[in-house]
Amino acid sequence: GLFGCLFQAPLLAWAAALVFLIAAANPAQAQSEKQPLPRFASLDSSAVNLRAGPGETYPKLWLYQRNGMPVEIIEEFDVWRRVRDYQGVVGWVKSTLLSSRRSAIVTESRRALHEDPLETSRIVAYADPGVVAKLLSCDGQWCRLDVKGYKGWLPRSQFWGAYPDENFKE
């Protein structure tokens, strides 16, 4: 009856407030549930431990010292992300050490950044293998990068950090 309604309303309000507080206390986790896997991210620190499992008690496999380096998130567990780097190395990183900012790493040999997404367009800069760049946009087979202030287009096949035929703007 009436007593049940009076009791349920405050209880429901309290439960909703609790859910809100839990989400607010851990926005990264609440947000990550909506993000697809796999996806690219970048390292957000110049010292990131890659671990054998999702926790600080697991052994360190590697220490990354490349702020901004792209990684592919392939699995999630609590505040931990299982990532793969451009060389295929896989391990776990704390989510607070990752950024959603996109980046790219130049692969194999020196690459020419072009003014336009065409092989025949003017070359604006060269990037050596291992150079990390900001990934500004991708339009299928070409992506626009910022390499230390030099902005230009690079074929998707010449770097690691974007999926084939990916389309996005910063």
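Mentor: Residues are numbered from 1 along each chain as its sequence is written, and side-chain values use heavy atoms, with hydrogens and water left out. In this predicted model, local features need pLDDT of at least 70 and side-chain atom pairs count only at pLDDT 80 or more, while totals for chains, interfaces and linings use all residues.

Trainee: Is L50 buried or exposed?

Mentor: L50 sits in strand β2, residues 48-51; strands (E, at least two residues) and helices (H or I, at least four) are DSSP runs numbered from the N terminus. Buried means under 20% relative accessible area, exposed over 50%, and partly exposed in between, with a 1.4 Å probe and protein chains only. L50 has a relative accessible area of 0%, so L50 is buried.

Trainee: What distance separates the C-alpha atoms of L50 and K60?

Mentor: Contact means heavy atoms within 4.5 Å, and K60 is among the residues that L50 touches, along with W62 and V90. L50 and K60 are 10 residues apart along the chain, and their C-alpha atoms are separated by 5.8 Å.

Trainee: Why is strand β1 described as largely enclosed by the rest of the structure?

Mentor: Strand β1 covers residues 39-43. One of its residues, R39, counts as buried because its relative accessibility is 13%.

Trainee: Which residue of β4 is the bridge partner of R39?

Mentor: Two strands pair if DSSP finds at least two bridges between them. β1 and β4 (residues 70-77) pair in the antiparallel sense over four bridges. The partner of R39 in β4 is I73.

Trainee: Which residue of β7 is the bridge partner of S42?

Mentor: β1 also pairs with β7 (residues 98-99), in the antiparallel sense over two bridges. In β7, S42 is bridged to S99.

Trainee: What is omega for the peptide bond from L37 to P38?

Mentor: P38 lies in the loop between α2 (27-32) and β1. Most peptide bonds are trans. The bond from L37 to P38 is cis, with omega near -10°.

Trainee: What is the phi of E108?

Mentor: E108 is in the loop between β8 (103-106) and β9 (111-114), and counts as exposed because its relative accessibility is 72%. Most residues other than glycine have a negative phi. E108 is not a glycine, yet its phi is positive, at about 65°.

How values were computed: Lists of a residue's contacts leave out its neighbours within four places in sequence.
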